[in-house]
Amino acid sequence: MKILVIGGTGNISRGIVAALQNRNHEVVLFNRGQHADSPPSEVRVIHGDRKNREDFEAKVGAEEWDAVIDMISFNAEDAASALRACQGRVGHFVHCSTVMTYGPPFSGINLPETAPLQGTSGYGLGKIEADNLLLEAHARDGFPVTIFKPSYTHGPGMNLHRQVGGDGSWIDRLRKGKPILSAGDGLNYFQFLSSRDAGIAFTDILGKSGGFGEIYNIVHPQARTWDEWHRAAAEALGVEIEIVHVSQETLIAMAPERFSGLRGNFGHTQIFSHEKLAAVLPEFTPQVPITESVAENIAWMDKHNLVPDSDADNLEDQIIETVRNLPRIR
Ligand SMILES: NC(=O)c1ccc[n+]([C@@H]2O[C@H](COP(=O)([O-])OP(=O)(O)OC[C@H]3O[C@@H](n4cnc5c(N)ncnc54)[C@H](OP(=O)(O)O)[C@@H]3O)[C@@H](O)[C@H]2O)c1
């Protein structure tokens with residue numbers, strides 16, 4: 001199949017391109033050519049900025065595509081532009097949305113695709129608008145769209161996140177044997193998917209007409225706690241880990257500029273159902289061991305100097321010190 005990936009050099013996109021090539025598809029990318037990582041040399045790239053609507057629609061609309069995977073559509077305007085470019089010229093259109101359409105606040109755990117759309121962030125709201133516009137086009141004109149909603153997806157192309165956010169200096173802390181903060185009891189759940197595994201699902205859905213007009217969560221079926229995630233990073237680095245749990249509210253009170261992001265995303269347990277995707281792609285099971293995907297992600301961060309010296313910022317040490325020395329009545 002001849003497949004266009006809009007994006008294609010980023011975190012999830014790279015997993016998709018690798019999986020498409022593995023299945024011997026003809027792969028074409030549309031991006032600005034600004035990303036620090038180049039695509040594989042045998043891949044054709046159409047250069048342009050999708051925000052330049054006229055140019056984007058002319059370039060994408062100039063060809064027929066067996067499938068288009070849109071990785072960088074964040075609102076109704078992006079989706080409407082992709083629709084204008086692709087309608088009548090695409091066999092299957094896969095739009096990358098997000099589980100942040102469901103929250104926070106989330107209406108429960110193991111959320112299926114029918115869960116209420118309670119996302120309140122600008123990001124989540126924009127994705128809801130884009131999803132709705134494309135689903136309406138399916139209902140109205142049979143536009144062959146499938147919507148994928150990934151959970152947290154890691155791999156080369158993006159910093160490895162930890163629960164309390166911030167930059168990649170937590171990797172340096174681990175390497176230097178420094179303790180790291182975790183919010184609350186460290187038992188909030190997340191689903192950590194590798195971009196290599198995600199790429200296989202994005203690839204294997206292509207051409208499945210049963211998926212037209214459908215939404216699929218794309219998540220790792222195994223929920224892991226943040227403590228497990230932080231330990232996986234230490235294991236990948238081959239170091240011991242010391243985790244210091246401090247409640248979310250305490251962290252936000254001590255350094256709101258650093259930790260208020262916990263209210264928005266990573267401070268919430270997030271578990272989404274994998275069942276609908278498993279029914280349409282029974283052969284798809286995430287295969288990459290977590291320490292392997294984390295090690296790949298860290299290697300990419302090292303290559304791009306994205307692991308800053310943690311000695312340059314002592315906020316985390318100060319917080320740990322303060323919390324450990326709080327006066328207590330015995
Ligand atoms: N990672 C996660 O945890 C997660 C979870 C849920 C959903 N998602 C979704 O995954 C998608 C991100 O995919 P990704 O990880 O592959 O992306 P990414 O790492 O953000 O990379 C962005 C890609 O798009 C290109 N690009 C960016 N702006 C562009 C523009 N204006 N015009 C043309 N090309 C542009 C970039 O290349 P140039 O810079 O060279 O243009 C690059 O190839 C988003 O839709 C996001 O909402 C991610």
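The model is predicted. Helix 3 and helix 4 pack with their axes 7 Å apart. L281 sits in a loop.

**Helix 3 against helix 4**
- Helix 3 spans residues 76–86, and helix 4 spans residues 122–141.
- The two helices pack at an angle of about 30 degrees. Angles under 35 degrees count as roughly parallel, so helix 3 is roughly parallel to helix 4.
- The crossing of helix 3 past helix 4 is right-handed.
- On the helix 3 side, the contact involves A76, D78, A79, A80 and L83. On the helix 4 side, it involves E129, A130, L133, L134 and A137.
- By class, this contact has 8 nonpolar and 2 charged residues, and no polar ones.

**L281**
- L281 lies in the loop between helix 11 (275–280) and helix 12 (290–303).
- There are 18 other C-beta atoms within 10 Å of L281, so this residue is partly exposed. A buried residue would need 20 or more, and an exposed one 12 or fewer.
- Leaving aside residues up to four places away in sequence, L281 touches A201, D204 and I205.
- L281 and D204 are 77 residues apart in sequence. In space, they are 7.3 Å apart, C-alpha to C-alpha.

Definitions and conventions
Residues are numbered from 1 along each chain as its sequence is written. This is a predicted model: local features need pLDDT of at least 70, side-chain atom pairs count only at pLDDT 80 or more; totals for chains, interfaces and linings use all residues. Axes are lines fitted to C-alpha atoms, for helices over the stretch in contact, and angles run from 0 to 180 degrees between N-to-C directions. Helices (H or I, at least four residues) and strands (E, at least two) are DSSP runs, numbered from the N terminus. Angles under 35 degrees count as roughly parallel, over 145 as roughly antiparallel, 65 to 115 as roughly perpendicular and the rest as oblique. A crossing is left-handed if the near helix is turned anticlockwise from the far one by less than a right angle, and right-handed if clockwise. Two residues are in contact if their C-beta atoms, placed from the backbone, lie within 7 Å. Ala, Val, Leu, Ile, Met, Phe, Trp, Tyr, Cys and Pro count as nonpolar, Asp, Glu, Lys and Arg as charged, and the others, Gly among them, as polar.
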